[in-house]
Every structure is written in C-alpha cells, then in structure tokens.
Amino acid sequence: MSLGTLGVIGLGLYLAGLAGIGEWARRSRRDATPADHYLAGRELGVFVLFLTLYATGYSGNSLLGYPGEAYRRGFSWIMSTGFMLAIVVVYHGLAPKLRPIAIAGGFVTPGDWIAHRFGRERAGRALQIAVAVLMVAALANFLFAQLKAMGLLAAQVTEGIVSYEVGVGLLAAVILAYETLGGMRAVAWTDAGQSLLMLLGLSALVAWLLTAAGGLSALTADILVSRPEAARVPEAAECANWASSIALMGLASMVYPQMIQRVYAARSGTTLARSFALMSFMPLLTTTTVTLIGLAAIPRFADLGDVQADRVMPLLLGTWAAADPHFAAAAVLVFLGALAAIMSTADSVLLSLGSLMAEDLLGRDHRAAETTLLGKRIAAAVMIAMAGLALVARNITLWGLIELKMELLIQCVPAFLIAIHTPRLRAGPVLAGLLVGTGIAVGVGLGLGLPRLAGVHTGLIGLVANAAVAWGGSWPRTRAGRVRTTCPTDR
Amino acid sequence: MRGMRGSGHRGVARRRLRRWLLAAIGVLYAASIPWYRESGAAPQVWLGLPGWVTVALGCYVAAAILNAIAWWLAEVSDGGRDEGR
C-alpha cells in the first residue's frame, strides 16, 4: 500500500476520532455559560491539563518551523530548548498570583484581569481593548500559521490525494465542528490524545534518523563535513539573539491568552503547579528532538531555500517512507503526530479568539450564555477568514510568523506581570507604554524592515520602552493606582 | 491541608528555597549561551555534540530539573484572600 493511501486512511480515522471526542464533550457539558464552554467548568485535572498545556504550547511552528530553523542556523538552534523552557520558568512570576484572583473573580478571559486591576480608572476600558486588539492580532497570525502548516502536512501525508487547499478547508471545518460542540472540554481531551500521538511520532522519527546516521557522533561528523559553519561557536550577534529569543519567547508566551485561560481552567492551584512541573521536561523531549531532526537534514539536503526549509520534516518523512515499505506506516504515524500538534494549537487559539472578541472587545457579560453563542459565531467567522488567507498567502516562513506574533504579544507583559506585582501602576501610563512599545516593534520591525538590532528583537526593545513609560508615568503613586492587585470580593 | 502548606516556618523555608532555585536557573541560562567562547572557533566534540552545544544542553537539563522542583514547592492558592499584596 502506498504512503498516500495509508495517509488517507490514517487521516480519515484520526478525524473520525476527533469528531467522536467532540460529541462526547458536548454530552458532558453542564450548561451554556462561558465558564463551562471556555474553561471546561474549571475542572481540568493534572493529566489532561498537563497534556493540553503541552499540546497548546507545541504547535505547527514547533514541529515544522523549528526543524527548518535548525536546518538554516545549525547547532545554535539548541537555543529553542532554552526558550521553550523559559515559558515554564517565567510563569512562576504570574500564575501563583493570578490564579487565586481569577478564581475569586470568576475570570474567563485575560481581559477580566485587566478589568479587575484597572477597571476603576478612566483609561481602564481603553487598556482592556488595546490588550485585546494585540492579542487578537497575534492569535489571528498564529491561527494563520497553523492552517498553513495543516495544509502542507495533509498534502504531504496523502501524497497530494488531499491537496493543500482541500487540507486547509477540511481540517479547519473539523476543528470548528468539535470546538463548537464541546468547547474547552473537546479541545483539552483532543489535545491529550494529540499530545501522545505527537510524542510517539517524534520518538519514532528521531530514533530512525539517529540509527540511519550511525549515531549522534556520526551525525555531528557529517555536519562538520557538509556544512562546518553550522557547528562553529556562534558570533556575538547570534549569542545576543539567543539571549533575546529566550527573553522574547519566555515573556511573550506568558501572555498567550490560551495559556492564561488554562491557568483559570485548572481544577486547583496544586493541579496547576503539578502540571507546570511536568511541563518543565517537555522542551527536552520535544524541542531538542525537533532540533535534531532539522540538523539531521543538513547532510541529507543541500541548499533548501527559506520557504523550502519549512518542509524539512515532510521531506525527511518522505525519505523515511521510501527507504522501506514497512516504514511507511510509521511515517504516517509521525505525520499524524505533527498534524495533531498543529490542530491542537489551532483549536486552542480559536477558542481563545472567540472569547476574547466577544467579552474583551465587545464587552459582553462573562457569565451570560448569549456570550458563548456570540463567541462561537465570531470563531467561525475568524476561521473562515484565516483559512481563506492561508490559501492565498503561502510564501511566508513559519518562524517569521512566530516572531511577528511574539513581538506584538510581549507588549502586553506590563499589564500582567508588572501590574500584578506593582500596586502603583496605573492604566493610563500602561496604555501609553503599550502603544509606544507596539509602535517600536511594528515601526522598526516591519516599517523599517529591521526585526533585530544587533541580534536583539525590536519587540524586546519596544518592551523596555513600554515598561519605562508604564513605570515612570505611574509615579507618583495615586489613589487609583493603589488598588486591585488583591482578590476581588465585590464582583 | 493545602491551606496549611504555606504557613509557618516550613512555608518560609519553601519560599526561600524556591527563590534560590529560580536564581540558580538564571545562572544556568547565562552559562548556556556561549558568549564566553571564541566565536567562529572550530568545535571540540563532547558526547557526540560540539562542546558548546553539550554545555548548553546540560544547562537546560539542570534548569528543567530545578524548575520542576520549584513548581513542586510552589504554593498556588485557590483561596484568594489578599494574595496580591
């Protein structure tokens, strides 16, 4: 049986399984409130929470973009293990303080924190909208990247029987269906299964690659021969970029709306802490593995362009499947694992987008069932728009999309991380800082075409200016700035 | 039971240990970046990888272990009484 036929069968079974979980989740729902739909009734236990955090954090970018980046940049891409771990480290600064406030206040979206912390100030609502706009822009970008990656993989695993265009449309429709039916329960449960599939697939692929290369030492020796610069000690600018990437990814990922919503959705604080403890090891198992996959491609494929480099993983899988007919089934498993990683991120992003737009942007009540319905409709509209965009804009690298998203998201950090530790911070200066930081990130990064200055991301430079404005403008302390880093008792 | 975890001398010791663990993670991060090595130099191979990569990976393994312990020690309350002060 050919890889394409096996791929179609595997894809069909996988999608049928997702639909089944969606229906199971629909039957398990308690009511139509946003808390039940978007946070699974705040009942996620350690196992499911850990797996959904994992599946949400590791996306199409991690599975397709990172091997491509390792292929392009060589061994210095080991930095990705560091920056993915930084996400779990940086959360020490936010989750233990945010969680009790969120539970007491019945928070559903990130904007509920802004409303709680700054809601009594004149600029509070404007800040909530500005944060929501940045988050929506970043998430829409992220969703677009996932859809693009899904289309690529579907076409690859079925050897073109399912085209890129059909793959994007079909998979987007399946995600929309199970998410609309089952909300966070469906997303978390499918994430759990998808995580296991992803881990299994990656382990199988890296085992084959290292065996085929003759071990790690032989792989390094091959790289030293075929592209010695990939193994050399990085230049100062690359080291600066390494440090900057750790700061950018760690801080920006902390304000991922879908991650913040999982902080709200945990069954208890202890459940949350245990899940983060387990998450500490996932960069070693996942990011290091995909880096090795990208490095293994260096001696195998010479001179892939930037866009082609995103296809390193599919190219390797194709080679693997062709090496022996028995490997074809294993290659399909890896393909489906990668697809699972992408879909699990896309569904979480979509769920967050619906709630953010309905509650934080449009200001609907976070306890009303009508808000859930509105969120579902918005999610459907966004999914259709992004799927359409994914069909026409294909020549953008996945890593480029991640960086753009992070540069925007990181500007929300003062409104969360600094505001939760600094009672004197006020809404007006935080809003001004956010605008200044975003202006620098977008103006210098996109306008002037300088995404990095001496290796440092412009988004990070924007954040420094952003924090300085927020901090400096909140001095001296005012009555309004003294309140609300405590738990709400009046909601 | 959970409410009692963070109280008293034991709770203070846990918080202090957690702060030390986080500081150690910061040091490991600084050591993981090969800024202190001669840039462009041909690598020595250690444990199958260029030496500077082995050091970076070793730092991340150690940081992951310390971070897991720090989360294990973390007191994440659901009570919500003046937690932000």
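The structure is a predicted model, in which local features need pLDDT of at least 70 and side-chain atom pairs count only at pLDDT 80 or more, while totals for chains, interfaces and linings use all residues. Residues are numbered from 1 along each chain as its sequence is written, chains are lettered from A and ligands numbered from 1 in the order in which they are written, and side-chain values use heavy atoms, with hydrogens and water left out.

## Where the chains meet

The size of an interface is often given as the accessible area lost when the parts come together. Here, chain A and chain B bury about 4000 Å² between them, and 70% of this lies on carbon and sulfur atoms; buried area is the accessible area (1.4 Å probe) that two parts lose on being put together, summed over both. On the side of chain A, the residues that lose the most area to chain B are His92(A), Val233(A) and Arg274(A), together 17% of what that side buries. Counting contact as heavy atoms within 4.5 Å, the interface draws 48 residues from chain A and 45 residues from chain B.

The rule finds 13 residue pairs in polar contact across the interface of chain A and chain B, both residues being at pLDDT 80 or more. A polar contact is a pair of N or O atoms within 3.5 Å; within protein, one must be able to donate a hydrogen and the other to accept it, and residues adjacent in sequence count only if both atoms are side-chain atoms. Several helices of chain A each supply at least two residues of the side that touches chain B, among them helix 5 (79-90), helix 6 (95-105) and helix 14 (282-300). Helices (H or I, at least four residues) and strands (E, at least two) are DSSP runs, numbered from the N terminus. The residues on this side of chain A divide into 30 nonpolar, 13 polar and 5 charged, where Ala, Val, Leu, Ile, Met, Phe, Trp, Tyr, Cys and Pro count as nonpolar, Asp, Glu, Lys and Arg as charged, and the others, Gly among them, as polar.

## Chain B and two of its residues

Chain B has 3 helices and 2 strands, and from the N terminus on its elements run α-α-β-β-α. Buried residues make up 41% of its 85 residues, where buried means under 20% relative accessible area, exposed over 50%, and partly exposed in between (1.4 Å probe, protein chains only).

Asn67(B) is found in helix 3 (residues 51-73) of chain B and is buried, with a relative accessible area of 0%. Leaving aside neighbours within four places in sequence, Asn67(B) is in contact with Leu85(A), Val88(A), Val89(A), His92(A), Ser280(A) and Ile25(B). Ala31(B), found in helix 2 (residues 8-32) of chain B, counts as partly exposed at 28% relative accessibility. With neighbours within four places in sequence again left aside, Ala31(B) is in contact with Tyr36(B), Val55(B) and Cys59(B).

## Salt bridges

A salt bridge is a side-chain nitrogen of Lys or Arg within 4 Å of a carboxyl oxygen of Asp or Glu. A search of the whole structure finds 10 salt bridges over all chains, and across the interface of chain A and chain B the rule finds 1.

| Pair | N to O distance |
|---|---|
| Arg99(A) and Asp78(B) | 2.7 Å |
| Arg267(A) and Glu43(A) | 3.4 Å |
| Arg72(A) and Glu69(A) | 2.7 Å |
| Arg73(A) and Glu69(A) | 3.1 Å |

Arg72(A) and Glu69(A) both lie in helix 4 (residues 60-73) of chain A, 3 residues apart, about one turn of the helix. Arg72(A) is partly exposed at 22% relative accessibility, whereas Glu69(A) is buried at 5%. Arg73(A) and Glu69(A) also both lie in helix 4 of chain A, 4 residues apart, and both are buried. Salt bridges that share partners join Glu69(A), Arg72(A), Arg73(A) and Glu238(A) into one network.

## Two further helices of chain A

In helix 20 (residues 413-421) of chain A, 8 of the 9 residues are buried, so this helix is largely enclosed by the rest of the structure. The buried residues of helix 20 include Phe416(A), Leu417(A) and Ile418(A). In helix 22 of chain A, the buried residues include Leu460(A), Leu463(A) and Asn466(A).
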